[in-house]
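Good morning. Please have the sequence and the model open while I talk.

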Amino acid sequence: MTPLGLYVPGGSLLHRLPAGAKFLGMLVLVTVTVLLGSPVALGAVCAVVALGYPLARIPWNRVWPLLRTLLLLAVVIGVLQTWLLDARSAGVTVLRLVSALGAASLFTFTTRIDDVVAAIERALGPLQRFGVRPDRIGLLVGLTLQAVTTLSGIAASVREAARARGAERSVVAFAVPFLVRTLKHADELGDALAARGEGDHR
Amino acid sequence: MSGHEGVIEFEGVGHAYGDRVVLEGIDLTLTERRVAFVGLNGSGKSTLARMINGLVLPTSGRVRVDGLDPAESGAAVRRKVGFVFTNPDSQIVMPTAGEDVAFSLRRSGLSRSERARRAAEVLAEHGLDGYADHPAHQLSGGQKQLLALCGMLVLDPDVLVCDEPTTLLDLRNKRRFVELLGRLRQRVVLVTHDLDLLDDFERVVVIDDGRVVADDEPAPAVKYYRDLVR
């Protein structure tokens, strides 16, 4: 699953909120979970985050894989923390993690990448007079997210090719073609950006 | 600049990567609306095509596009010349088809909504109607190449250089893509291996080992090339 594939189109209140405001809201919520120390208060935050999912009408088949990951994480960390510390601290840590990850996922489910990029460009606008180029930073964020999709695609096809040659356990059979194709992709992407006038100052 | 409009000129052009000579002594004056470069892998045809928009600069000789030298005025030449690559995956830089086409217009001074409207228009004109909000990387290979083409056409260039744009496409999509190229207002320079697609071209230049070895109408040029590789 890639961050770009995560967006769930919709028209709910959470979808319609501006990306910048939503991002700030998520940051505040995550900060609050770090500051809160009471399991009851954290439980309430967790419940608020959970309510966000039906509010945004995220379909069950998208929620389930996330929930599975969170449950696994909660069990592993919970057991470890109970053993190392005590049940109360384990509960606090698990609730913190689950609310923070839940909030961050809700943000990606309800926000288009393009809107995030536009919000970043707008927020950095005032820094233009100090030589910051907001459009460049926006492009950087967009390309970084895109790179996740591209690299996981390259990794999958390289792994397939290695398996076809019976070399699925060989590090070299993965690393060499993966590197070569990644560098080649970087070259091609650079050419494509140059051809579209990126880097031609006006 | 009059007298140079609509002309792509190569004058004693050569290119070498270190000791390895890729192109040597290329003299060409292209005035036709549909020109194709044909040659084996590694013949230098892609390098030659990249020189038209200044992605590669000649190490000797000079190139002029409508009188402008890409070595001196690269930005101006690139505004005139659009370029479509072989692999659409590395040309698509934004998550959805509409955003990717709109990306080309980011320096146009148009408003965000105007850019999105123009992008949707261009997509609709070229068979991608309704795909503006579609994730770009989930399009089919043929659709991706159309998207890459739309990303260039939205800028309305005078010349369109296509470097083996049909190599990754199936036969039907190859035909469709070349038919679409045929209908464009732009002058087209097509680098290709698909020899059956060249019937409607006015001029076919065969490149072998860094030199022009044939320069003719499609039928005789393609025959020369087939004899060459036999």
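I start where the chains meet: 22 residues of chain B are in contact with 21 residues of chain A. Here, two residues are in contact if their C-beta atoms, placed from the backbone, lie within 7 Å. On the side of chain B that touches chain A, the largest share, 4 residues, comes from helix 2 (residues 74-80) of chain B. Helices (H or I, at least four residues) and strands (E, at least two) are DSSP runs, numbered from the N terminus. By class, that side of chain B has 8 nonpolar, 8 polar and 6 charged residues. Ala, Val, Leu, Ile, Met, Phe, Trp, Tyr, Cys and Pro count as nonpolar, Asp, Glu, Lys and Arg as charged, and the others, Gly among them, as polar.

Some housekeeping. This is a predicted model, in which local features need pLDDT of at least 70 and side-chain atom pairs count only at pLDDT 80 or more, while totals for chains, interfaces and linings use all residues. Residues are numbered from 1 along each chain as its sequence is written, and chains are lettered from A and ligands numbered from 1 in the order in which they are written.

Now chain A. Its domain assignment gives domain 1 (3-111) and domain 2 (131-195); such bounds come from an automatic or database domain assignment. The C-alpha centres of these two domains of chain A are 30 Å apart.

Next, helix packing. Two packed helices are described by the angle between their axes and the distance between the axes. Axes are lines fitted to C-alpha atoms, for helices over the stretch in contact, and angles run from 0 to 180 degrees between N-to-C directions.

How do helix 6 and helix 7 of chain A pack? Helix 6 (residues 113-124) of chain A packs against helix 7 of chain A at about 155 degrees, with the axes 8 Å apart. The two are therefore roughly antiparallel. Angles under 35 degrees count as roughly parallel, over 145 as roughly antiparallel, 65 to 115 as roughly perpendicular and the rest as oblique. The residues that meet include Ile120(A) and Leu124(A) in helix 6 of chain A, and Ile137(A) and Val141(A) in helix 7 of chain A. This contact has 8 nonpolar, 2 polar and 2 charged residues.

Helix 2 (residues 19-35) of chain A also comes within 8 Å of helix 6 of chain A, axis to axis, and the axes cross at roughly 90 degrees. These two helices of chain A are therefore roughly perpendicular. In this pair, Ala19(A), Gly20(A) and Phe23(A) from helix 2 of chain A meet residues of helix 6 of chain A, among them Val116(A) and Ala119(A).

Back to Ile137(A), in helix 7 (residues 134-164) of chain A. Is Ile137(A) buried, exposed or partly exposed? Ile137(A) counts as partly exposed because it has 16 C-beta neighbours inside 10 Å. The cut-offs are 20 or more other C-beta atoms within 10 Å for buried, 12 or fewer for exposed, and partly exposed in between, with C-beta atoms placed from the backbone. Leaving aside neighbours within four places in sequence, Ile137(A) is in contact with Ile120(A) and Leu124(A).

Last, two loop residues. Arg57(A), between helix 3 (39-55) and helix 4 (60-84) of chain A, is not a glycine but has a positive phi near 50 degrees. Asp156(B), also not a glycine, has a positive phi of about 50 degrees. With 11 C-beta neighbours inside 10 Å, Asp156(B) counts as exposed.
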